Amino acid sequence: MKLRDIVNAMERIAPTRNAESWDNVGLLVGDPEQSATKALLCIDYTAEVAAEGKRNNCDVVIAYHPPIFEALKKIPSTGLIHQAIRNGIAIYSPHTALDVAEGGTNDMLADAAGLTDRTPLRVAQAKPSHYKLIVFVPEKNLEAVSQALFNAGAGRIGQYSSCSFRSPGTGTFFGEPNSNPTVGQSGKLEEVAELRLETVLPIHQVEQVLQALRQSHPYEEPAFDLVQLAAPPESRGMGKIGTLPTPTPFNQLLSNIKRELSLEHLLVAGPTDRNVERIAVCAGACGDHLNDAITKKADVYITGEMRHHDAIKATQAGLTVICTLHSNSERKILKRLARQLEALVPGLASHLSEADRDPFAVQ
């Protein structure tokens with residue numbers, strides 16, 4: 001298989017268009033046309049994780065946190081990025097795109113808490129995801145062109161593939177002296193029976209679809225329209241807020257989260273001697289969403305880490321905060337992500353990193 005098969009699968013699982021504007025997601029290192037057989041999944045791409053990937057013959061790393069975040073000014077030979085490039089190791093990061101994805105990091109954390117009737121903690125503005133491609137093709141070439149477009153990633157609507165609309169018409173052109181028309185001759189106004197082929201394609205696949213169009217179309221200069229489609233409203237955003245099936249003693253909720261995330265210790269701030277029902281979650285460092293949790297009247301806010309003064313603000317608002325340590329709020333998503341990748345990319349093997357762990361531990 002090719003690396004692009006894994007990239008396309010990741011786009012289906014966690015579309016990069018939904019990532020936060022400050023983030024750096026997608027394929028960070030690697031050639032989409034290189035071969036790929038085994039993926040290493042981790043939260044942080046450290047030297048220990050890189051060594052583990054080498055031992056397990058992994059040629060792709062899915063690193064939740066992007067190991068390239070700010071602009072690189074130097075790539076020293078001793079650095080992990082240089083070594084990955086030299087050894088042909090591809091690196092892909094989903095980060096906040098996976099946080100907001102359906103079934104993604106924050107849904108995982110909501111599952112761990114046992115939430116029902118969940119909605120985004122902060123709703124995000126919908127972003128365009130698709131183009132409509134309209135191209136005009138001679139009837140005898142229609143199937144070849146449409147199949148090339150479908151193979152390149154066009155024509156998928158939800159769980160349906162090879163979607164298109166076709167209508168007949170007449171195309172006209174006048175070939176100038178240096179033209180070499182496939183139909184008719186230069187220096188003469190031509191009329192040709194053509195079919196209008198309409199289909200859709202994900203924005204991130206536009207280059208490969210247009211390349212397939214030009215390679216498969218019989219005309220020297222194929223005529224086509226590319227129209228960005230408006231984004232329909234989505235119930236998508238950062239974090240989740242929902243309710244427990246019944247009011248639950250706080251200590252029981254705490255025990256449930258420890259069990260689900262395989263943790264022995266959690267950091268807690270705020271009232272604990274009470275029943276709780278309305279819970280907000282946000283994986284990672286989500287102090288910026290504390291006001292959302294307060295405004296939406298959460299009893300408990302579960303996150304990875306929180307600043308000292310934000311914790312005081314939360315407790316003074318009557319909100320109990322549970323912090324797991326940063327990456328402990330994210331790590332469980334890797335097992336779910338591995339299953340999704342293997343289902344979408346037949347033949348791909350995956351390895352969950354055992355060397356990957358949060359840098360902090362409660363002794």
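# Briefing: a buried glutamate and its surroundings

Glu11 is buried yet has no salt bridge. The nearest side chain of opposite charge, Arg17, is 5.4 Å away; a salt bridge needs nitrogen and oxygen within 4 Å. This is a predicted model. The protein holds 11 helices and 15 strands, and 15 salt bridges occur in the structure.

**Overall build**

- The C-alpha atoms fill a box of roughly 85 × 45 × 35 Å along the principal axes.
- Of the 363 residues in the protein, 47% are buried.
- Take the contacts between residues at least 6 apart in sequence: 74% of them join residues at least 24 apart.

**Around Glu11**

- Glu11 sits in helix 1, which spans residues 3-13.
- Leaving aside residues up to four places away in sequence, Glu11 touches Thr16, Tyr92 and His204.

- An open sheet is built from 4 strands in the order 7-8-6-9, with antiparallel pairing.
- Its edges are strand 7 (165-174) and strand 9 (224-228), each pairing on one side only.
- Neighbouring strands in this sheet are turned by 30 degrees against each other on average, direction ignored.
- Strand 6 (residues 130-138) pairs with strand 8 (residues 189-202) over 9 bridges, in the antiparallel sense.
- Pro138 stands opposite Glu194 of strand 8.

**Helices on the sheet**

- Helix 6 (residues 142-151) lies across strand 6, strand 7 and strand 8. Its direction is at about 25 degrees to strand 8.
- Helix 7 (residues 206-216) also packs on the sheet, touching strand 6, strand 8 and strand 9. The direction of helix 7 makes about 165 degrees with that of strand 9.

**Gly304**

- Gly304 belongs to strand 13 (residues 300-305).
- Gly304 counts as buried because its relative accessibility is 1%, and the cut-off for buried is under 20%.
- Beyond residues up to four places away in sequence, Gly304 touches Cys282, Gly284, Cys323, Thr324, Leu325, His326 and Ser329.
- Phe165 is 139 residues from Gly304 along the chain, and their C-alpha atoms are separated by 48 Å.

**Salt bridges**

- Arg4 and Asp5 form a salt bridge, with their closest N and O atoms 3.6 Å apart. Asp5 is partly exposed at 29% relative accessibility. Arg4 is partly exposed at 31%.
- Arg196 and Glu198 meet through their side chains in a salt bridge of 2.8 Å, N to O. Arg196 is partly exposed, with a relative accessible area of 29%. Glu198 has 15% and is therefore buried.
- Glu260 and Lys332 also meet in a salt bridge, at 3.1 Å from N to O. This pair links distant parts of the chain, 72 residues apart. Glu260 lies in helix 8 (residues 250-261), while Lys332 lies in the loop between strand 14 (320-323) and helix 11 (333-344).
- A network of salt bridges links Asp107, Asp111, Arg118, Lys240 and Arg336.

Key. Residues numbered from 1 in each chain as written. Predicted model: local features only at pLDDT ≥ 70, side-chain atom pairs only at ≥ 80, totals over all residues. Heavy atoms only, no water. Pairing = 2+ DSSP bridges. Helix = DSSP H or I, 4+ residues; strand = E, 2+ residues; numbered from the N terminus. Axes fitted to C-alpha atoms, helices over the stretch in contact; angles between N-to-C directions. Contact = heavy atoms within 4.5 Å. Buried < 20%, exposed > 50% of the residue type's maximum accessible area, 1.4 Å probe, protein only. Lys, Arg positive; Asp, Glu negative; His and termini not counted.
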